[in-house]
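The following questions and answers examine how two protein chains meet. Please study the sequence and the structure before reading on.

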Amino acid sequence: MINILQERERQVNCGTEPFRMDCDKHSAAGSVSQRACVFCGSRVVLYPVADALHLVHGPIGCAAYTWDIRGSLSSGPELHRMSFSTDLREMDVIFGGEKRLYGALTDLIGIYRPKAAFVYSTCIVGVIGDDVAAVCKRVGAEQQIPVLAVHSEGFKGTKKDGYQAACSALGELVGTGPTRDIGPRSLNVLGDFNIAGETWAIRRYYERMGLQVVATVTGDGRVDDIRRAHGAALNVVQCSGAMTHLARAMKDKYGIPFLRVSYFGIEDMSKALYDVADHFRDAAMMERARIMVREEVTRILPEIRRLRSGLEGKRAAVYTGGAFKAFSLVRSLRTLGMKTVLAGTQTGNADDYQALRELCDDDTVLVDDTNPLELAKFIQERGVELLIGGVKERPVAYKLGVGFCDHNHERKTCLAGFEGMLNFAREVHATVTSPVWKLIRSSRRETTAAPLDQCGHDCGRCTLPMCCGAPVPPANAVI
Amino acid sequence: MTLLRHTHGGTITERQALTINPAKTCQPIGAMYAALGIHRCLPHSHGSQGCCSYHRSTLSRHYKEPVMAATSSFTEGSSVFGGQANLHQALQTAFTTYEPDVVAVHTTCLSETIGDDIPQIVQKATEEGLIPEGKYVIHANTPSYVGSACTGFANMTTAMVDYFSASASPDKVAGRINVIPGWVEPADMREIKRIVRLMGLEAIVFPDTSGVLDCPQTGKHELFPRGGVTVDQLRATGDSIGTIALGPVCSGPAAAQLTTRCRVPNTVLPLPIGLHATDAFIMALRKYNGGKVPREIADERGRLLDLITDMHQYFYGRTAALWGDPDQLASLSQFLMTIDILPKYVVTGTPGTKFLKRMGEVLGDRKSEAQVRQGPRADMFLMHQWIKNEPVDLLIGNTYGKYIARDENIPFVRHGFPLLDRVGHQYIPTVGYAGAIRLLEQILQVTLDKIDRESPEEQFELTL
Ligand code: SF4
Ligand code: SF4
């Protein structure tokens with residue numbers, strides 16, 4: 001029996017009534033939020049730039065927890081996988097950490113001769129007031145490499161603000177490299193982080209269409225590529241949150257148009273390729289895209305059909321970082337014959353939720369910035385058999401005897417592209433149909449999800465006191 | 001391309017202001033772990049969201065369990081005006097929504113730097129009626145620019161004494177002791193309780209994460225699992241006849257505090273890892289049980305000795321590199337010395353004063369053959385440099401050693417925190433005699449696997 005979080009009422013929706021998701025805000029104080037900080041956002045976005053130095057300016061923790069946590073693969077240098085910290089101590093907090101930062105940067109650049117350096121500010125730096133930008137500038141001038149301050153003080157917003165800070169830093173790199181050998185049929189891949197080699201898959205598709213991929217930002221990223229990214233004819237941006245800011249900035253500054261795409265699922269992947277071909281108005285390129293899509297789909301479809309037969313009608317819950325991924329996952333699950341009964345994101349905005357509402361079934365529950373209690377409750381009520389989420393969600397799913405698929409930093413197989421769809425289908429099949437769930441005699445298994453009309457809740461649509469469909473339910477109602 | 005080729009051997013330059021690949025982490029996660037060892041306790045991170053999220057993720061990865069903790073969700077405003085409003089709202093939310101018995105607040109670098117006074121904020125909350133009858137808020141200050149995760153663990157454990165321990169009568173309860181197990185795994189805490197029971201004593205073990213972070217699968221998600229030391233038990237610690245603190249860094253301060261507050265005499269011992277350290281623990285327990293050692297324990301010791309003697313040729317002349325927390329390292333090193341493996345390189349990022357001295361005692365006349373480093377710049381990078389210059393036969397430490405293990409092809413036993421890539425530590429203890437057998441088994445396993453993998457066919461042998 002739990003009471004609901006009153007503050008969260010407008011961050012949950014389970015009907016088709018018009019609504020505006022009240023997202024984009026800090027987690028309610030005291031809730032067990034699944035969210036992270038600005039620094040976290042910047043760190044995950046910039047981390048895959050493999051030949052840059054990444055120095056975390058702050059106490060040790062912020063660096064320790066982000067040491068090689070994301071499987072962003074590099075085809076060459078692996079400097080990004082090391083953990084560098086100024087490891088601020090009490091004296092630095094009192095007297096300021098600029099000297100230490102200067103020393104650390106100088107030492108590191110001396111040892112590794114990186115192509116560029118990113119310096120991340122953490123909460124404490126924001127409070128003690130170090131002039132990080134000035135130190136970066138000085139070291140940059142002395143060492144003759146770009147040294148970029150990332151303004152990622154943890155408390156100054158949400159993870160999304162961290163994406164922005166990262167994009168601003170990248171923006172300083174763009175435009176500083178030569179663009180001579182870049183042709184008109186060229187693009188940058190923005191917002192893919194090469195987890196389990198996904199950027200490589202995407203790059204191959206584009207190259208097969210006859211396109212020149214100038215920079216992949218930031219998956220398998222290289223400083224020199226990013227510096228000349230402004231020479232590309234198009235930016236293709238994946239995911240709603242992380243890289244749109246950079247694409248916008250490049251549009252304003254260099255007039256480079258951008259397309260928003262997703263690489264997850266057959267539908268979205270194909271659409272991405274067609275959209276790009278369309279953009280270049282090149283019939284031959286479009287033809288190549290068509291042939292490639294046909295080939296790829298033909299190759300994976302028989303196996304997907306086979307897997308689908310074991311998954312038909314099963315219920316899934318999706319909880320992602322960004323919203324675009326949630327869209328793709330809902331579609332991909334449909335491809336597998338599954339129903340999404342719960343969808344939520346950490347960083348979606350009101351428009352994203354509107355779109356998600358339209359995409360999902362009428363009775364799909366939408367949540368913004370959820371917490372484990374809420375998740376567990378919905379999973380049980382809706383008879384969920386698969387949860388897609390990240391590291392903090394996995395044990396919750398397993399405890400409830402529910403299958404799980406990591407679609408976050410810790411995924412181990414490539415889930416993007418056509419091959420990725422097949423991998424995804426396999427992963428979902430492996431967990432959903434595993435015999436181990438039968439070992440758990442959960443009471444939930446006997447009573448399947450409660451029908452909608454038995455909720456006793458007066459919004460008329462769902463069982464949930466947190467439902468923000470009108471009329472608003474009594475505050476602090478007991479579930 | 002081999003990973004970590006960014007580490008070079010050769011002359012080791014002293015770095016001034018830089019930690020590379022740390023062998024420590026920050027205070028709050030230790031406080032969070034300790035707080036989870038109180039029954040129905042919600043740890044609370046007073047700071048911005050990121051820290052809490054990282055700590056929970058790391059604990060979740062280590063235990064493969066859901067880890068509950070709340071945050072004050074600081075914003076720019078709170079960083080200027082202080083976090084009182086946030087903490088008040090948080091307490092209200094916590095008690096109405098999650099219904100814990102205890103909320104254990106720890107600070108973060110941010111709230112420490114802006115100077116929030118937690119006792120005062122909590123006092124206000126009490127006055128405003130935000131804390132329901134029979135519920136408690138305790139706190140520990142855990143700035144990470146001081147100490148390390150071990151310090152955080154020690155501080156939160158001391159807070160348990162400060163807030164709860166009481167002495168109801170001048171007479172102590174005969175046959176009941178307190179054991180502060182130190183930062184060990186839930187399985188170790190369970191094993192410590194078993195040993196105490198076998199010795200015929202009753203013990204209050206605090207903190208106690210067994211039954212919290214090693215929960216049985218029941219098909220339910222319990223916000224507050226069954227385990228953990230209760231508030232009543234914590235109160236009663238003041239009336240026990242003695243306290244045994246395992247690990248001077250993590251457990252020492254709380255034991256001392258209990259002596260000051262309630263006159264409970266304390267004995268501070270090394271973590272009972274390995275033969276001698278376990279002997280010391282058993283000897284300490286004998287002081288309270290009339291001196292007897294049950295057959296079962298004597299036999300466990302005998303079995304450990306038997307294994308050591310059976311396999312001693314495989315230890316002879318070998319060397320090891322270790323990293324992690326000081327309490328763990330001191331006992332592990334002692335055990336290695338016992339079986340004739342030299343702990344050649346030992347590194348801990350946790351600063352302190354007594355560790356180097358203790359290591360000196362452990363190493364005895366082989367001191368000059370070993371390198372021990374503590375505090376700033378004592379990190380995995382330094383350790384790797386040492387190893388590149390002169391390799392060792394065995395690595396013992398947390399998951400972060402896997403880069404070195406792979407790069408240098410050295411057998412690797414995972415031990416400590418965090419372990420992000422293996423299981424077992426949750427379930428199988430390494431304390432006590434039985435735990436030492438487990439450790440030996442792991443050491444032998446990785447060592448012999450390497451021999452088997454690499455021996456030429458004519459020397460590839462079926463039997464030992
Ligand atoms: S070091 Fe400080 S700021 Fe960083 S994660 Fe730890 S508590 Fe948070
Ligand atoms: S201290 Fe700030 S930047 Fe570091 S992890 Fe915590 S919230 Fe994020």
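Q: In which sense do strand E3 of chain A and E1(B) pair?
A: This is a predicted model, in which local features need pLDDT of at least 70, side-chain atom pairs count only at pLDDT 80 or more, and totals for chains, interfaces and linings use all residues. Residues are numbered from 1 along each chain as its sequence is written. Strands are DSSP runs (E, at least two residues), numbered from the N terminus, and two of them pair if DSSP finds at least two bridges between them. Strand E3 (residues 84-85) of chain A and E1(B) are joined over two bridges, and the sense is antiparallel.

Q: What area do chain B and chain A bury between them?
A: The size of an interface is often given as the accessible area lost when the parts come together. Buried area is that loss (1.4 Å probe), summed over both parts. Here 61% of it lies on carbon and sulfur atoms, and the total is about 6,300 Å².

Q: Which residue of chain B forms a salt bridge with A:Lys399?
A: A salt bridge places a side-chain nitrogen of Lys or Arg within 4 Å of a carboxyl oxygen of Asp or Glu. The count between chain B and chain A is two. For A:Lys399, the closest N and O atoms are 2.8 Å apart, and the partner is B:Glu65.

Conventions. Chains are lettered from A and ligands numbered from 1 in the order in which they are written. Side-chain values use heavy atoms; hydrogens and water are left out. Buried area is the accessible area (1.4 Å probe) that two parts lose on being put together, summed over both. Helices (H or I, at least four residues) and strands (E, at least two) are DSSP runs, numbered from the N terminus.
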